[in-house]
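The sequence and the structure are shown first.

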Amino acid sequence: MDFIFEIVQALVALAALSLIVVLIIAHVTAEMVTLTRHEKEKYFLTVTGEKELFPSLHDPSSRELSVVIPAYNEELRMPVMLDEATEYLENRQKQQPSFTYEVIVVDDGSKDKTTEVALRYSRKYGADKVRVLTLVNNRGKGGAVRMGTLSSRGKLILMADADGATKFADIEKVEAGLNALKPKPENMAISCGSRAHLEQDSVAQRSMFRTFLMYGFHFLVWFFCVRGIKDTQCGFKLFTREAALKTFSSLHVERWAFDVELLYIAQCFKIPIAEVAVNWTEIEGSKLVPFWSWLQMGRDLFFIRMRYFTRAWKLQSAHKTE
């Protein structure tokens, strides 16, 4: 019995030592929030080809809605989404003349003609309605969404994927979810599109391995970061301007798991969050590689929690980009 007790003691000590080592690694390797822009990223092109400075999220809103679309090598899929979005937005403006909008396409360092495709829409509708922010280097989806959000003018800010997987008219559903949140402390609120209602159908079509990965990821999200939200990864989220400024100013993760950190930050600030079912269709050409992307996201989830736990990352007050 003494021998077994000593083994248990040794295992407990080894586990404690391993945890300490992991915490040290998480703390030492933590990257700070960097909002510095390359000089070229501070400007957008007008229809005449002139450069104009992007506004700041710190400025007062001057549009009802900003739509931020992160795009990496999306020259083929993005036109369908932009056609659907601009048609909806133009029709809404005709029906409600007081409604104003802008679309910001953020080219995340693409190697194809994503910027050229987006600029066609800018020329068609005018740079006051469609603007293109081309990042010099690839930041990741989270980094692209943040840079677009920090350059927006909307009272409300919608994050929408370039593949058009979510029906754009469902913005009315997430708007209704946002409006139903009461109270909104300091006018901060977030409404998340959700595919959770489609989960049973998707399980039936997936392999057992992919289903295991999906449920494993959901458990890690719940265990480490966000509780009460069934689908953190749907790329259709609506923010009040105040909530966007509060959350994106503290965001560290710039790749696939950024949604989780964003909602973790929101819950830490006690920002009310609604989850609303939306129509969603899987579109071919996804950049997400199931096993490796989920492995990376699982690692990111663990480090998000550890880095906030060790105070390597702290919730920050909003500050301007340079």
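In which segment does Arg311 lie? Arg311 is found in the segment after α10 (290-309); helices (H or I, at least four residues) and strands (E, at least two) are DSSP runs, numbered from the N terminus. The model is predicted: local features need pLDDT of at least 70, side-chain atom pairs count only at pLDDT 80 or more, and totals for chains, interfaces and linings use all residues. Residues are numbered from 1 along each chain as its sequence is written, and side-chain values use heavy atoms, with hydrogens and water left out.

Arg311 is not a glycine, yet its phi is positive. Glu186, likewise a residue other than glycine, has a positive phi and lies in the loop between α5 and β7. The table lists the values; exposed denotes over 50% relative accessible area, buried under 20%, and partly exposed in between (1.4 Å probe, protein chains only).

| Residue | Phi | Relative accessible area |
|---|---|---|
| Glu186 | near 55 degrees | 67%, exposed |
| Arg311 | about 70 degrees | 52%, exposed |

**A cis peptide bond**

Between Lys182 and Pro183 the peptide bond is cis, with omega near -5 degrees. Pro183 belongs to the loop between α5 (171-180) and β7 (190-194).

**Helix α4**

Helix α4 (residues 141-149) is largely enclosed by the rest of the structure, because nine of its nine residues are buried. Among these buried residues are Lys141, Arg146 and Met147. The elements covering them include the strands β3 (63-71), β4 (101-107), β5 (130-134) and β6 (154-160), together with the helices α8 (241-248) and α9 (258-268).

Key. Contact = heavy atoms within 4.5 Å.
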